Amino acid sequence: MFRGSMVALVTPMLDDESIDYDSLEKLVEFHIASGTDAIVAVGTTGESATLDMQEHCEVVKFVVDKVNKRVPVIAGTGANSTTEAIELTQCAKEAGADACLLVTPYYNKPTQEGLYLHYKKVAETVDIPQILYNVPGRTACDLLPETIIRLSKVKNIIGVKEATGDLSRVAEIKAGVSDDFDLYTGDDASAVDFILAGGHGGISVTANIAPKQVHEIYQAALEGNEEEAKRLDESLTALHRDLFVEANPIPVKWAVSEMGLCGKAIRLPLTVLSEKYQPLVKEAMKQAGVA
């Protein structure tokens with residue numbers, strides 16, 4: 001259903017940590033003008049963990065309204081409470097989002113059966129396309145390929161964002177799902193190889209900084225042009241790496257602020273990028289041609 005470069009959008013904030021809606025609108029226009037294929041609002045990079053329920057819904061609604069159907073909007077609606085995930089997903093549907101992205105329940109370490117029942121209940125309760133999101137490095141919970149395959153048969157579950165960086169999972173998942181089940185990477189460093197292996201695109205942190213380049217790279221990979229995709233991706237190698245010198249979204253939010261697209265404010269317990277890392281990220285931006 002969705003293809004190409006999908007930006008995991010930062011949520012800009014004012015110095016008092018309230019949502020900066022003027023900058024959010026500017027970011028939406030920046031991405032549409034740059035060729036971004038879809039916008040993911042209030043995912044991990046959008047500081048979903050520290051937005052309250054009302055803010056979460058308001059940001060999704062604002063992005064949907066400002067995008068105005070020019071590109072798809074995917075709302076991050078995952079939670080470690082199934083009830084809360086249902087509420088957020090319902091809110092996204094009412095706001096007019098095109099799909100939802102649901103991270104695995106974090107911290108409480110459910111079994112594979114628990115994960116299956118969690119996602120199944122959300123999908124059966126709220127009639128909107130839903131994308132599974134597996135990022136065990138953050139959640140301490142790994143949604144295994146066999147569970148993804150099982151969930152792919154549930155109505156409304158249309159794809160998975162696989163952020164382990166384990167490329168062997170692409171073939172394993174594809175072998176067990178139907179052709180209309182989509183695979184997206186959440187790992188910028190291995191995105192080209194993921195797409196060339198049969199993936200359909202990526203939900204990207206790097207696209208916050210270099211949206212035009214990421215769109216072109218993913219498009220080349222989707223067309224099977226390995227040489228061109230890898231050539232274009234070379235200039236982003238440092239950015240893929242250094243946007244994770246501290247926990248995401250600390251570095252990427254600082255980088256977006258350096259581009260003049262929003263302020264540096266970020267919510268506790270996250271803090272502004274440490275001074276010792278700022279030259280590193282700045283140099284990576286220069287190598288990518290965005291600073």
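Visitor: In which helix is the place of T139?
Guide: Residues are numbered from 1 along each chain as its sequence is written. The model is predicted, so local features need pLDDT of at least 70 and side-chain atom pairs count only at pLDDT 80 or more, while totals for chains, interfaces and linings use all residues; side-chain values use heavy atoms, without hydrogens or water. Helices are DSSP runs of H or I with at least four residues, strands are runs of E with at least two, and both are numbered from the N terminus. On that basis T139 belongs to residues 136–139, helix α5.

Visitor: Is T139 buried or exposed?
Guide: The classes rest on relative accessible area, with a 1.4 Å probe and protein chains only: buried is under 20%, exposed is over 50%, and partly exposed is in between. T139 has a value of 3%, so the residue is buried.

Visitor: Which residues is T139 in contact with, leaving aside its neighbours within four places in sequence?
Guide: Contact means heavy atoms within 4.5 Å. With those neighbours left aside, the partners of T139 are V103, T104, Y106 and Y107.

Visitor: How many salt bridges does the count come to?
Guide: The rule asks for a side-chain nitrogen of Lys or Arg within 4 Å of a carboxyl oxygen of Asp or Glu. One case is a network that links D142, E162, D166 and R169. By this rule the total is 19.

Visitor: E29 forms a salt bridge with R70; how many residues apart in sequence are the parts that the pair ties together?
Guide: The closest N and O atoms of E29 and R70 are 2.7 Å apart. E29 lies in helix α1 (residues 21–33) and R70 in the loop between α2 (53–67) and β3 (73–76), so the parts tied together are separated in sequence by 41 residues.

Visitor: Which residue forms a salt bridge with K155?
Guide: K155 is exposed at 59% relative accessible area, and the closest N and O atoms of the pair are 3.3 Å apart. K155 sits in the loop between α6 (145–151) and β6 (157–162), and its partner, 28 residues away, in the loop between α4 (112–125) and β5 (130–134). The partner counts as partly exposed at 47%; it is D127.

Visitor: What is the relative accessible area of D242?
Guide: D242 forms a salt bridge with R241, with closest N and O atoms 2.9 Å apart. R241 is exposed at 51%. D242 is buried, with a value of 4%.

Visitor: At roughly what angle do the axes of α12 and α13 cross?
Guide: Axes are lines fitted to C-alpha atoms, for helices over the stretch in contact, and angles between N-to-C directions run from 0 to 180 degrees. The axes of α12 (residues 250–258) and α13 (residues 278–288) come within 10 Å. The contact is made by P251, W254, A255 and E258 of α12 with Q278, V281, K282 and M285 of α13. The crossing angle is roughly 65°.

Visitor: What radius of gyration does the protein have?
Guide: The radius is taken over C-alpha atoms, and the globule rule is 2.2 Å times the number of residues to the power 0.38. Buried residues make up 54% of the 291 residues. For that chain length a compact globule would be near 19 Å, and the protein agrees with this at 18 Å.
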